[in-house]
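I opened my notebook to go through this structure step by step.

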Amino acid sequence: MNLIVKSKKQKIYQSISAENAGWNWLNFEARLMGPSETWTYDTGEHEMVIVLLSGNYKVESNRGNWETKNGRKNVFQGIAHTLYLPRETQFTLIPTSEALDIAYCWCSADHDFEPQMITPEETPTVIFGGDNATRQFNDLIPPGFGCSRLVCREVYTPSGNWSSFPPHKHDERIIDHNGELQEAQLEEIYFYKFQKPEAYAIQQIYTKDHQDPLNEILRVRHDDAVLVPRGYHPVTAVHGYHCYYLNFLAGSDQSLANTPDSDYEWIFDSWKGKDPRLPLVTPAMNNQ
């Protein structure tokens, strides 16, 4: 299967459906809009998350109205506004800036939840890892959020650093003898942004399954999307350029429970400190 999806130079410049991916849950699009355009949609039996990449917009719906005022200029100049919309939401999204860039995902939902707009100031930020595997998480829709399946996080990996490392997987649902979830079965998309067109990252997707092995190494650029159907999936940012990726996940549980690659678990205890370049973005940058 083709794991990397290249950007198309049109209004919907990325589009991945669960059907085309051979998945059960996760659908994704990225869309550019101008000030005279509108987008009207009905979520139906799905829940949806809309992430503001750049610009500003307002939404009018049967569940409420929302408007962003301090949308970032690009993903390296602030933190996202995140809008969660439940099932049976009919909405119209209207750009209020000269250019609007949004990414959104949707999946089938089992229950009804309240819509929510999460502002940059309300978004939890974590500096995770250590040494040259330090990165910044902005937890847009974290585990425990009031929704059925979706999880969403944006990740900033400084120049030359490793991310999603030590490698981990979440391709089977594992419950321990106490009934605790150890690993969720999750479909995942990595959606990339870079500051300069020549920048790139390297992503590997591999398994330890000798019967049905998967071992792919991908060179990803600005606006590329990578599908993670199974296996471990580390990332490294090329030296000289910071890397941004937006993770959308959906699956068996509203969780990020995963299993690290046992060959590299020792690295968790080896780190001596954090990368002083982080955080790369803060909510204060949205107002600059």
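Entry 1: a hairpin. I looked at β12 and β13 and found that they form a hairpin. Six residues lie between the two strands. In the turn I noted G129, which has a positive phi of about 85 degrees. I kept in mind that this is a predicted model.

I then checked how the two strands are joined. β12 covers residues 125-128, and four bridges link it to β13 in the antiparallel sense.

Entry 2: β13 itself. Is β13 buried or exposed? I found that seven of its seven residues are buried, so β13 is largely enclosed by the rest of the structure. I also followed β13 to β14, and the two pair antiparallel over five bridges. Here F137 has V155 in β14 as its bridge partner.

A reminder to myself: strands of a sheet pair through backbone hydrogen bonds, either parallel or antiparallel.

Entry 3: the largest pocket. Which residues lie nearest its centre? I wrote down R135, F137, R153, H168 and N258. The whole lining has 20 residues. Several elements give two or more residues to it: β13 (135-141), β14 (151-157), β18 (181-194) and β23 (243-251).

Entry 4: a four-strand sheet. I traced an open sheet in the order β4-β9-β6-β7, with antiparallel pairing. Which strands stand at its edges? They are β4 (39-42) and β7 (64-67). Each has a single partner strand, so one side of each is left without a neighbour in the sheet. Neighbouring strands here are turned by 15 degrees against each other on average, direction ignored.

Four bridges join β4 to β9 (residues 90-95), and the two run antiparallel. D42 stands opposite Q90 in β9.

Entry 5: another four-strand sheet. I traced an open sheet in the order β15-β22-β19-β20, and its pairing is antiparallel. Its edge strands are β15 (162-163) and β20 (215-220), each pairing on one side only. Inside the order, three bridges join β19 (residues 201-206) to β22 (residues 235-237). I ended on one pair: A201 has A237 in β22 as its bridge partner.

Conventions: Residues numbered from 1 in each chain as written. Predicted model: local features only at pLDDT ≥ 70, side-chain atom pairs only at ≥ 80, totals over all residues. Heavy atoms only, no water. 1 Å grid on protein atoms, 1.4 Å probe; cavity = no way out; pocket = protein on both sides within 12 Å on 5 of 7 lines; lining within 4 Å. Pairing = 2+ DSSP bridges. Axes fitted to C-alpha atoms, helices over the stretch in contact; angles between N-to-C directions. Buried < 20%, exposed > 50% of the residue type's maximum accessible area, 1.4 Å probe, protein only.
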